[in-house]
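I opened a new page for this structure. The entries below record what I looked up, in order.

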Amino acid sequence: MKKFFTILLGCLFFSAGPAFAHRPIDFSLHKLAGDRQGNTLLVIGGIQGDEPGGFNAASLLVTHYRIKKGNVWVVPNLNFISIIKRSRGVYGDLNRKFATIGNNDPEFNTISRIKAILLDDQVDLVLNLHDGSGFYRPTYVDRTHSPRRWGQSIIIDQRHISVSRFGNLGEIASQIVAEVNHYLFAEEHAYHVKNTRTGEGDTEMERTLTYYAIRNRKPAFGVEVSKSFPTHKRAYYHLQVLEAYMDLLGIEYERAFNLSARGVRGAIDSGAKLAFYDNKIFLDMTNARKRLGYIPLKKAAKVVFRPGSPLVALVESGQSYRVFHGNRRVTRLVPQYFEYDSSIEAITIEVDGDQRKVDFGNMVEVAQSFLVVPQKGYRVNVIGFKKPGTGNESGITIHKDDITKRFSVDKGGRLYRVEVYREKKFSGMVLVSFSDKREDLIASDSSTVSLLNVSDLGNGPLEEDSSVNLEDNSYLGR
Ligand SMILES: [Zn+2]
């Protein structure tokens, strides 16, 4: 696993320009390239912000797949601000702006940029991922299973476009459906091909991304999973579809998790990580408390971090920072500002009696106890350590019970911060995890803090999967 993730450190963030403290939140393009030449698949997630199956699946391609042959280009977060705000579209429906868009539309630049990517000569085939209502059926079964629903379908605008390769959209969609239907949790989940016959006068669908693509001779499909499922099951089905398309295009890949409901859930959760300032601070926020205090950020400097997934955003909010992972509100970081010391990059820790060197930004697994080996000139602060009056907590054997639980990073009371200082300067942090589970940092390139109008972010539950909508009465799709 670890080796695999190390490879992923090379992921490119399209928007990684000069670092600012404040910038609008924007989508990223990730070009995953195999060692061997082949076709290029473009995958788009998050065109509508309230469809987490699509954007989580797309994001997993970036963090948990390695392409061996051919290319996969991924935009996992096209409508990033709407993802964070859990809205279909903060500025209206982005997937209705591909035919015409006003110069003053706040999404004008987004549309221009994504159109250029869609029409890039290298792109052979385009997939736009959606979560749609109910279950599409070619003939009416009941309200939830009907031609008006969208879930579990591969959408084409027409059966054929005249291009030299992959123009037989109808046949391709049928092949994908046949393949994916081998991997259903239940018969009800069966996929079908939905042909919107857009060119025959569907003025709504004429304005979509895929229709723009096919009018420009680029093979494109809509992919719809049912909103009846929780997020990880939606992402499971999307990944089955994505892998079927990769197979069809001859794209070879490796995946770092089992393609099962459980495997996908774990892979999604593992993205809730942040590393600050070249790993001096690393926070695993998979099950983080609502608020983490006294985070030692760098005084008078831009906050620069590496996210565990392209869906992680850090948003300035008054004196603190809110962390988002897709449409989950993960935690709030309350900083305390320090000057930084860069004289050391690691500490020595005795873990259950075994001594080892641990680089800052890493997490160590502890079964019983740990002890930070004293180093002259450096002071250790184990956040929440109970014994008062100890200026320096190195050289002390510490058990889980010696730490006050409410200071843990996670809600479960397993994960604790060990911070190192040199006089008044902060040197670095490691995490200690009292458990039998070990996870490695997955990080992409550096990113910067975003500034949103946080007043309208609402106050939804933290971490909850609020996406399952059993009373799904909308026919919104695509
Ligand atoms: Zn959609």
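**Strands and helices**

Strands here are DSSP runs of E, at least two residues, and helices are runs of H or I, at least four, numbered from the N terminus. Two strands pair if DSSP finds at least two bridges between them. I looked up Ile349 and found its bridge partner in S21 to be Val372.

I noted that this is a predicted model, in which local features need pLDDT of at least 70, side-chain atom pairs count only at pLDDT 80 or more, and totals for chains, interfaces and linings use all residues. Residues are numbered from 1 along each chain as its sequence is written.

I then traced the open sheet S19-S18-S21-S23, which has 4 strands in antiparallel pairing. Its edge strands are S19 (354-359) and S23 (398-399), each pairing on one side only.

Next I followed a mixed open sheet of 4 strands, in the order S20-S25-S24-S22. S20 (363-366) and S22 (379-382) each have a single partner strand, so one side of each is left without a neighbour in the sheet. I checked S22 against S24 (residues 415-422): they run antiparallel, with 4 bridges. The bridge partner of Arg379 in S24 is Tyr421.

Last, I looked at two helices. The axes of H2 (residues 52-64) and H7 (residues 231-248) come within 8 Å and cross at roughly 55°. Axes are lines fitted to C-alpha atoms, for helices over the stretch in contact, and angles run from 0 to 180 degrees between N-to-C directions.
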